Amino acid sequence: MIASIYIEEHSYLTDKPLTLNFGGEYLYSFEKIDKSLIISRKKNEKYIPNFFNISGSECRVSLVNAIVGENGVGKSSILDIIRNVFSDPYIFAFAHSTFVVLVEIEGKTKVLYSNTSFKYYLKESAEEIEKVNESESYQSIYYSPHFDLKYNSSYDELDKYDISLDEYIKEDLRYIEPSSDIHNQLCFKNTLRIIEFVSSDIFRRKKILSIFNIPNYEYASLIFEQRKIKTNDNREILFHNTPFQFRGIINDIYKKLDYEIFTESNNLKKYDDNNNVINKITVKKYILKRILILSILSVIIDMLEERNTYLDEGILENKDSLNEESCDIVTLFLFFIKNTYVKNGGKYKIFQDSLFEDFLDEIFNIIDSTVNENDITYNTTIRVKVENIKNLIENHRKIAKNFMSYPNMSHYHKNINQYEFITIDPLGRSMSSGEFFILNFFSKLYFFLENKPTALLDKKNYILLLDEADLGLHPIWKKRFIDIILSSVPYFFERLTSKPNLQIILTTHDPLTLSDIPKHNVIFLEKPEDGKCQISSKVQKTFGANITDLLADSFFLEKGLIGNFAKSKIREVITWINENRNKTKIDEEKLAYYKKVIELIDERVIKLKLSEMITELLPDNTFYNEMIDKEIEKLQNQKR
């Protein structure tokens with residue numbers, strides 16, 4: 001995995017060479033001589049093979065690293081340098097940098113990436129260092145839970161392996177109708193990913209999240225989404241790019257749906273003597289089935305309208321055998337699905353008709369089995385048990401992928417969200433922010449690995465970059481964060497044929513997270529007065545260290561371990577006491593105020609010292625003795 005990065009220059013991170021060692025088998029130093037870079041390495045005595053590999057998965061965690069330091073010191077910039085290795089070389093041109101990345105492969109040091117013209121020599125042998133070959137493939141995956149609009153919108157597809165909240169929201173927004181409730185639509189799309197994950201084998205079989213109190217999803221609402229279909233005054237669809245051969249039958253399907261949803265459904269209604277509809281659920285089921293077909297049809301129209309390459313290339317077979325007047329809407333729709341082709345270097349079938357038949361059978365059975373009319377709302381939503389929709393979600397995903405492949409061209413750069421026609425809203429208790437935080441990370445990773453083409457995923461080594469991924473967690477969960485990542489993340493990669501090795505590099509501000517990472521696996525950054533990043537030499541403790549030591553040593557809080565506001569109030573008390581030491585008359589109102597301030601302080605030593613100091617202004621030790629008695633009482637209660 002990545003063992004060291006040598007940064008010769010960086011437009012805002014540093015203006016002099018910077019060496020980052022990640023705590024692998026060797027520690028490295030670099031010396032530039034003419035057009036060569038001489039690399040010295042020495043054994044890392046602290047390195048323990050397989051130290052982080054605790055999951056039992058075929059995919060192994062080789063190394064875990066943390067990058068820490070004050071805000072603005074350059075932690076995220078280092079992650080960007082790593083991402084740049086696997087991105088378009090021009091993407092990060094706005095942050096000009098020159099650097100080399102070393103990896104260790106079975107005890108050998110190799111150059112993973114370099115954008116310098118140097119030659120690289122290992123000092124101990126004077127041999128030129130090899131570059132990583134294609135068979136030793138590497139890839140980073142970047143995750144950040146913050147919607148920070150960090151990157152300029154002109155940098156589309158900055159990183160195709162970006163699973164950050166920023167990236168997912170950007171992708172989800174591309175396929176949301178502007179007139180819709182955007183917030184709800186974003187929630188639905190995110191929820192779909194979460195339910196897909198918690199319904200997956202990897203979640204249930206490995207019990208990945210058993211350490212957390214994840215809710216038991218008993219029910220969910222399926223919402224059938226309709227794209228806007230543009231029509232003229234005669235309710236005929238306005239086509240632009242759809243092959244001419246398909247336009248007639250699509251219009252026929254659309255008009256039949258329109259008639260059955262808005263006219264025929266009224267003819268189905270039965271009334272009692274008081275003119276109340278007595279078969280509401282039957283009518284609702286009838287409409288809902290047709291709304292579903294309309295939802296699928298609207299996506300098909302969007303798909304066919306994407307390009308105009310095939311205007312004259314459509315083929316609709318067996319049209320003479322079709323009697324549109326006598327056939328029902330399902331038969332007409334499936335006839336279209338089964339008999340549509342395009343000429344694309346041959347005869348190419350657009351739809352996998354068995355997918356659509358199975359999907360409609362399954363979802364129609366769910367609709368037919370509904371007994372409570374309140375489980376169908378707005379004629380677009382049905383409430384079902386989650387246990388009944390896992391297969392449905394998978395088939396929905398397969399149909400969306402079928403849409404993505406039209407017209408049998410590469411779909412690597414398409415997004416599956418564009419072709420979805422169902423979203424899911426979970427019911428049951430609300431999740432806490434911590435539960436939601438963890439589920440968001442795992443569901444995004446799962447969704448990414450399940451839906452990216454295998455050809456793009458089968459790398460031998462993955463570097464998972466987590467940018468402050470622990471920030472939203474409760475302290476109890478922060479204590480578990482590294483352990484749950486190490487125990488679970490490898491299983492996500494098991495579906496890949498390569499069974500990759502993993503390296504996890506995270507940025508953090510949290511001492512609880514840092515206490516799980518050995519010191520030699522941590523890069524401590526500081527920014528002195530000149531404003532440039534450098535490695536700190538002040539570090540003393542991390543792994544298993546006391547939290548106050550971590551705060552003091554690792555997070556550079558050299559001027560105390562309490563908040564600035566509390567510190568200012570303590571100083572205010574001290575200043576007032578000093579100013580009133582020699583006065584014969586004390587302001588009783590001020591005295592009462594500062595006594596209350598002292599009582600608020602929870603640090604015993606500071607509280608008792610201030611109580612002792614204020615006694616100098618009082619005629620007796622009553623206040624001081626009261627503070628001692630209260631502290632003794634607290635200690636006795638703790639023992640109980």
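1. In this predicted model, Ile5 stands opposite Val101 of strand β6. The two strands concerned, β1 and β6 (residues 97-105), run antiparallel and are joined by seven bridges.

2. Strand β1 has a further pairing, with strand β2 (residues 18-21); the sense is again antiparallel, and four bridges connect β1 and β2. Within this pairing, Ser4 has Asn21 of β2 as its bridge partner. Strands of a sheet pair through backbone hydrogen bonds, in either a parallel or an antiparallel sense.

3. How much of strand β1 is covered? Strand β1 spans residues 2-10, and eight of its nine residues are buried, so that the strand is mostly covered by the criterion of under 20% relative accessible area.

4. Helix α1 (residues 75-85) is likewise mostly covered, with ten of its eleven residues buried. The buried set includes the aliphatic residues Ile78, Leu79, Ile81, Ile82 and Val85. It also takes in Lys75, Asp80 and Arg83, together with Ser77 and Asn84. The reader may wish to note that Lys75, Asp80 and Arg83, which count as charged, are among the buried residues of α1.

5. A separate point concerns the open sheet of four strands, arranged in the order β3-β4-β8-β9 with mixed pairing. Strands β3 (26-33) and β9 (127-128) stand at the edges; each has a single partner strand, and therefore one side of each is left without a neighbour in the sheet.

6. How do helices α16 and α17 pack? Helix α16 (residues 588-600) and helix α17 (residues 604-615) meet at an angle of about 160°, and their axes lie 9 Å apart. Because angles over 145 degrees count as roughly antiparallel, α16 is roughly antiparallel to α17. The crossing of α16 past α17 is left-handed.

7. Which residues form the contact between α16 and α17? From α16 come Leu591, Tyr594, Lys595, Ile598 and Glu599, which meet Lys607, Leu610, Ser611 and Ile614 of α17. By class, the residues of this contact comprise five nonpolar, one polar and three charged. Ser611 counts as polar, whereas Lys595, Glu599 and Lys607 count as charged.

Key:
Residues are numbered from 1 along each chain as its sequence is written. This is a predicted model: local features need pLDDT of at least 70, side-chain atom pairs count only at pLDDT 80 or more; totals for chains, interfaces and linings use all residues. Side-chain values use heavy atoms; hydrogens and water are left out. Axes are lines fitted to C-alpha atoms, for helices over the stretch in contact, and angles run from 0 to 180 degrees between N-to-C directions. Angles under 35 degrees count as roughly parallel, over 145 as roughly antiparallel, 65 to 115 as roughly perpendicular and the rest as oblique. A crossing is left-handed if the near helix is turned anticlockwise from the far one by less than a right angle, and right-handed if clockwise. Contact means heavy atoms within 4.5 Å. Buried means under 20% relative accessible area, exposed over 50%, partly exposed in between (1.4 Å probe, protein chains only). Two strands pair if DSSP finds at least two bridges between them.
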